[in-house]
Amino acid sequence: MLGVLVNTMLFNSVQFFIFFPIVVGIYFLTPYRGRWIWLLASSYYFYMCWKPEYILLIILSTLIDYYAALQMGKTSNKQQRKKFLILSLISNLGILFAFKYFNFFNDSLSAVFNSFNIFYNVPTFKVLLPVGISFYTFQTLSYSIDVYRGHKEPEKHLGIFALYVAFFPQLVAGPIERSTRLLPQFYQKYDFDYHRVCDGLKLMGWGLFKKVVIADRLAIYVNSVYNNAHDFTGIPLILATYFFAFQIYCDFSGYSDIAIGASRVMGFDLMKNFDRPYFSKSVAEFWKRWHISLSTWFRDYLYIPLGGNRVSQHRWLINIMIVFLISGLWHGAKWTFFIWGALHGFYLLFSIWSKELRAKIHTQFHLDQFPKLSQILSVIITFHLVLFAWIFFRANSLSDAAYIITHLFSNIQWKLTGAATGLSKIDAVVAVWAIIVLEIVHLVQSKRNIYQLIKKQPSWLQWGVYYSLIFSILFFGVHSHNQFIYFQF
């Protein structure tokens, strides 16, 4: 069976919809004490479906952090504990650097040396990037740091700890869980609960809708334009940028919904990773709603240790920029990601610098008398700041990004669909319809829990909604098994 599933174990694949029911069925049939063995084996198998040998990296990281934490737990001497924390940090970050960042820095150094006619001939590291390496590295690092700080007792059960590192629903793209939250759940006994299983499946269905109906359909247009950026000007570039904003949101939040839903089916509770981020009224609020597990990780393990806002304003601003620059590089070893992170850092710095000016404008135009209008304007401005930064995130190179920015409003082309963009008029209609459905759901969610709202409706209406969702996935979904965007990080 492994040979059939290699390179195809995606949440939006037929293979996963064979794998998942088998895992869940055997999980609930297995005696409680042996369930961790089954889940760990399933998680390792799930990961090995991409590149089997890379499971050794996860096992190595697991063993190092397990050992380091046990040693930290044996002493209260801070210096001794720090030695084992450093062992964990160097080992994990070293592996991450070697596979993800070595070539980036090597190529950058080569360009610098060559510009000064200095010979530099260090060969590149020709390996595939292990899928999800940034996610599981950060997850296991948070464990080591929590043990060092005394927030978590060392986990003595190696198998349970290995399951925490490799738990398959969130292994390759999060949410990035904390050991204090997820590890204790592996000691709980979860019986089969019909209502909980149904809730999990519904969330998985909604995540799949966002992925295959919205994200993968928008990807047709976005890829056609952004991969051939110099062939377009004006409206196609603008539309592709708007489409990418919704593509990346639906792709990533769709993955998170499926991961959270799959875990819920088995009884586990993963943290919320998205909270309607495009309704944010500031960039700071956006980062409280977007990829919450990562933004809170950087807050707790980088921003606060740097001093947070408990330092001089000058140092505080530097701390903010450091976090966002590293966040940019976390997403990818390319200058486009670095600029994307820098832009978001600059947005936050500018909001701090301009606080008094914005207050004066607010007062001068009497916006206090129109709170709803003020909120709408804030949402629109914030969305477009984020949208502008997405250009760098999606562009294949800095030169492409520069071209797109300088040609957004030049030589306006009104032909939006067709062979050049890969999107037919029907596809465009389906995409717009699906985005409207998404935003209606978001508006309802801003007022009340939509799942509870649906449950209160008559049975015929409930099942009408569920069948409509299934029908949309089957007939309007793009079933080409497109990889999730965040798998590359």
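User: How many nonpolar, polar and charged residues does the lining of the second largest pocket have?

Analyst: By class, the lining of the second largest pocket holds twelve nonpolar, seven polar and four charged residues. Ala, Val, Leu, Ile, Met, Phe, Trp, Tyr, Cys and Pro count as nonpolar, Asp, Glu, Lys and Arg as charged, and the others, Gly among them, as polar. This is a predicted model, in which local features need pLDDT of at least 70 and side-chain atom pairs count only at pLDDT 80 or more, while totals for chains, interfaces and linings use all residues. Residues are numbered from 1 along each chain as its sequence is written, and side-chain values use heavy atoms, without hydrogens and water.

User: What is the volume of the second largest pocket, and which residues are closest to its centre?

Analyst: On a 1 Å grid over the protein atoms alone, a pocket is an open set of points with protein on both sides within 12 Å along at least five of seven lines, a cavity is a set where a 1.4 Å probe fits but cannot get out, and lining residues have an atom within 4 Å of a point. Points are joined across faces, edges and corners, and a volume is the space filled by probe spheres set on them. The second largest pocket has a volume of about 740 Å³. Of its 23 lining residues, Lys281, Arg358, Ser378, Ile381 and Thr382 are the closest to its centre. Helix H16 (371-394) supplies the largest share of this lining, namely six residues. Helices (H or I, at least four residues) are DSSP runs numbered from the N terminus.

User: Which helix gives the most to the lining of the largest pocket?

Analyst: H9 gives the most, with 13 residues. Helices H2 (14-29), H9 (194-226), H18 (425-445), H19 (450-455) and H20 (459-476) each give two or more residues to the lining of the largest pocket. About 1300 Å³ of space lies in this pocket, and 45 residues line it, of which Lys202, Gly205, Trp206, Tyr466 and Leu469 lie nearest its centre. The lining comprises 32 nonpolar, ten polar and three charged residues.

User: How many cavities of 30 Å³ or more are there, and which residues line the largest cavity?

Analyst: The count comes to one cavity of 30 Å³ or more. The largest cavity has a volume of about 30 Å³. Phe135, Tyr136, Gln139, Val165, Gln170, Leu171, Gly174, Pro175 and Ile176 line the largest cavity. Helix H6 (residues 133-149) provides the largest share of that lining, three residues.

User: At what angle do H5 and H6 pack?

Analyst: Axes are lines fitted to C-alpha atoms, for helices over the stretch in contact (heavy atoms within 4.5 Å), and angles run from 0 to 180 degrees between N-to-C directions. Helix H5 (residues 78-115) packs with H6 at about 175 degrees, and their axes are 10 Å apart. The two helices are therefore roughly antiparallel (over 145 degrees). Residues of H5 in the contact include Leu85, Leu89 and Phe99, and those of H6 include Thr137, Leu141 and Tyr148.

Conventions:
Angles under 35 degrees count as roughly parallel, over 145 as roughly antiparallel, 65 to 115 as roughly perpendicular and the rest as oblique.
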